[in-house]
Amino acid sequence: LNNSNRLYLYKNFNLNVINIKIFNFQIIIRLIKILLLIFKKIILKIIFFQKKDVLTINKIDKNKKIIYFPHKGIFAGQLIYDYYYSKINTSPFYPSNIQHIEFDKKTNYKNNKKKLENYLNIKNIAYDNIYNINIIHTFKIFSQSIKLFFFLIKLKFSFRNILSLLIIYYEYKKFYYFLKRYSNFSLALIGYDILFSKSLSLALESHDIKTICLQDRVRNAYIYQHSYFADYQLTISKKIGNLLLDKSYNKLVKNSIPVGLVRTDFFDNKKSSIIKQSNIYNIIVFDYDVMGLDKFDSKSEPVLNYLNILFIKNEIYKLSKIFKNVNFIFRAKEIEWTKNIFFKDFFNKIKNQKNIIIDNNFKESKRSYDLSLSSDIIISVPSNIAEECIANGLKTIVMDYGINYHNSDSNIYEHSKNMYVHNFEHLKQTIEAMLASINEKNLYKDLEYSELFGIVDGEVRKRINSALELIYQKIENQKDSKNRT
């Protein structure tokens with residue numbers, strides 16, 4: 001949307017632009033009806049589940065001081081977001097000493113609790129979700145929203161802006177009343193910074209609960225469409241920390257502490273996952289996964305769609321025909337694509353291609369990192385594993401093009417000089433150049449490169465734990481000082 005109340009719909013990612021008028025009187029009437037129906041549902045839900053919510057409130061452990069808001073659980077495919085946890089059972093960051101809360105009500109928090117307890121082999125981990133506030137608070141929010149509505153009309157706000165502000169206000173007040181029972185808590189750990197609710201951040205601030213985010217990708221600091229608030233950000237490097245602290249930027253971060261790129265700790269130089277053959281090179285290929293995609297996504301998503309994923313796979317197939325002395329090893333986040341009927345013809349085609357291998361070992365959580373170290377070259381779509389391989393100095397090529405775009409990520413940040421390719425010929429030439437210098441195992445890291453990616457030494461998690469303990473002690477000392485005065 002722009003200031004002229006028009007909606008720009010992008011067709012084929014960045015080609016044709018269609019201009020559409022968005023608001024008319026009938027749409028406004030329908031929106032009001034929908035809002036009234038939603039409010040009616042909320043009231044009914046609160047009445048029927050009020051007793052259940054009261055029982056849940058009684059289970060809160062007042063001795064706990066830390067909340068962790070994981071993003072739909074700590075498990076995301078092969079990635080496990082357990083970086084905040086301490087292994088020392090007396091630490092406030094030990095898993096059973098933390099109150100876990102899911103802010104997405106659609107998430108099955110009971111299932112996430114069970115998976116977490118089994119993974120950590122720790123029982124009685126406090127795990128809940130943000131449930132309905134009581135009926136008194138609901139009516140308070142409703143009456144305050146009406147006042148806000150008329151106040152904004154007096155200020156001559158547009159209907160669209162009023163609607164947006166009312167939704168934000170409702171979310172904020174809902175979280176504010178919910179968090180009242182956690183008012184003695186000191187710290188909130190954010191599972192995924194760019195997807196965390198800004199309304200929830202404001203509610204936490206209102207209760208003087210400080211927030212901490214951990215940055216696990218370089219890209220997220222540079223993309224402008226994702227904004228968030230945080231009291232503390234554990235960053236990849238000092239350079240990125242300075243960017244986030246810039247008040248003119250769209251991330252409102254008060255303090256930054258450089259710790260490094262956390263998953264670079266997974267690279268184990270002593271382990272090899274590929275048996276080397278003389279005069280045969282190995283290239284690991286990290287492409288997009290298809291889990292969670294449906295027919296609608298495939299028509300509306302410019303990058304994550306079946307046609308684009310198939311296009312990328314066919315680019316690798318073309319390479320396998322050219323480089324006969326190279327094994328191309330496909331490694332996605334899952335193996336579901338091999339069972340998807342859309343990829344049936346491609347799967348049958350590569351069965352007879354001896355130098356194409358599909359890695360289906362998903363039992364080892366660090367398998368992708370072991371494969372990366374064992375390979376001669378890494379080819380990846382823009383992803384966290386690509387950034388981690390680049391940070392570790394491995395020979396990495398990022399396919400920054402697809403079926404309908406030729407530049408997705410490479411203009412965003414500064415580490416893309418010679419690693420991002422934009423068409424098949426560019427990809428082929430880069431592989432040839434890397435194979436020609438195959439004895440030079442690692443990429444050269446200049447000062448600018450190191451400043452961006454910070455320290456890669458296998459000690460990132462230790463620095464995270466140390467930083468968390470220091471921040472916690474600082475907050476507790478400030479609270480004690482305030483209480484004494």
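Modeller: Setting aside neighbours within four places in sequence, Leu166 is in contact with Ser145, Leu148 and Phe149, where contact means heavy atoms within 4.5 Å. This is a predicted model, where local features need pLDDT of at least 70, side-chain atom pairs count only at pLDDT 80 or more, and totals for chains, interfaces and linings use all residues. Residues are numbered from 1 along each chain as its sequence is written, and side-chain values use heavy atoms, with hydrogens and water left out.

Colleague: Thanks! Which helix does Leu166 lie in?

Modeller: Leu166 lies in helix 4, residues 159-179. Helices here are DSSP runs of H or I with at least four residues, numbered from the N terminus.

Colleague: And is Leu166 buried or exposed?

Modeller: Buried, with a relative accessible area of 19%; buried means under 20% and exposed over 50%, with partly exposed in between (1.4 Å probe, protein chains only).

Colleague: What separates the C-alpha atoms of Leu166 and Leu148?

Modeller: They are 7.7 Å apart, and the two residues are 18 residues apart along the chain.

Colleague: New topic: where is Arg367 found?

Modeller: Arg367 is in helix 11, residues 367-374, and is buried, at 13% relative accessible area.

Colleague: Which side chain does the side chain of Arg367 join in a polar contact?

Modeller: That of Asp359, at 2.5 Å. A polar contact is a pair of N or O atoms within 3.5 Å; within protein, one must be able to donate a hydrogen and the other to accept it, and residues adjacent in sequence count only if both atoms are side-chain atoms.

Colleague: Last one: which residues are buried in helix 9?

Modeller: Among them are Tyr306, Ile309, Lys313 and Tyr317.

Notes
Helices (H or I, at least four residues) and strands (E, at least two) are DSSP runs, numbered from the N terminus.
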